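Q: Here's a model I'd like to go through with you. Can we check the labels against their cut-offs?

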Amino acid sequence: MRPFLIHELISLTGQHLFLVLISIAVAIVVAVPLGILISRRERLRGPILAFANVMQTIPSLALFGFLIPVPLIGGIGKRTAIVALILYALLPILRNTLVGIQSIDPAVRESAVAMGMTPRQLLWQVELPLASRTLIAGIRVATVTTIGTATIAAAIGGGGLGVFIFRGIASVDSTEILAGAIPAACMALLADGGLGWIERKLSVV
């Protein structure tokens, strides 16, 4: 591989990792509280899940394009790419948070309340620990999906490994396409393996 390509590969991999980490972190901060909320407020469940579902079904390139003209969050560059990636990552985390909490045996909740636990204590000491494996599974799916989707960020100037892929397609250069595709695939496999290991550890506990 050419020396300049290696230097650029390191830089673009760093950009790609930044896009993924920021997007997943914000998605967790947004989706987990929303999942807890809709586990308690059934009337909000339909609208919030519907919104997350719609975001998931919009073709990724189209969503990136739709966000460009939106004031404050739009434009060309990383900001728009991160917003789009956050919207894509919401559904699996939101749904798994809800499912994890709903799957807890009602008898466990009743026992915790009988012991005098407040709603806050019930959430932090009982519900979230018991739902953690399902929650991590949702984060795992969202992370792997985001790593792949983030390659499209290059189409709107967001950087990342997609720069190689788009440039390789334009110049019909398989080396550049592979330079973007292989690191992205390795990143996805590492993320899947790491989060899968955490998920298995939680299941043992």
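Q: What makes you say that α6 bends at Ser-132?
A: The bend at a residue is the angle between axes fitted to the seven residues ending there and the seven starting there. At Ser-132 that angle comes to about 55°. Keep in mind that this is a predicted model, where local features need pLDDT of at least 70, side-chain atom pairs count only at pLDDT 80 or more, and totals for chains, interfaces and linings use all residues. Residues are numbered from 1 along each chain as its sequence is written, and side-chain values use heavy atoms, with hydrogens and water left out.

Q: Why is Thr-146 called buried?
A: Buried means under 20% relative accessible area, exposed over 50%, and partly exposed in between (1.4 Å probe, protein chains only). Thr-146 has 2%, so it counts as buried. This residue lies in helix α6, and its side chain reaches the backbone oxygen of Ala-142 at 2.6 Å.

Q: Why is Ala-114 called exposed?
A: Its relative accessible area is 69%, so it clears the exposed cut-off. You'll find Ala-114 in helix α5 (residues 106–114).

Q: What makes Arg-140 and Asp-192 a salt bridge?
A: The term asks for a side-chain nitrogen of Lys or Arg within 4 Å of a carboxyl oxygen of Asp or Glu. Here the closest N and O atoms are 2.7 Å apart, so the pair qualifies. It links distant parts of the chain, with Arg-140 in helix α6 and Asp-192 in helix α8 (residues 174–204), 52 residues apart.

Q: What makes Glu-199 and Arg-140 a salt bridge?
A: Their closest N and O atoms are 3.0 Å apart, so this pair passes too. Glu-199 is in helix α8 and Arg-140 in helix α6, 59 residues apart.

Q: Why is Glu-199 called buried, but Arg-140 partly exposed?
A: Glu-199 has a relative accessible area of 14%, so it is buried. Arg-140 has 23%, so it counts as partly exposed.

Conventions: Helix = DSSP H or I, 4+ residues; strand = E, 2+ residues; numbered from the N terminus. Polar contact = N/O pair within 3.5 Å; in protein donor to acceptor, adjacent residues only side chain to side chain.
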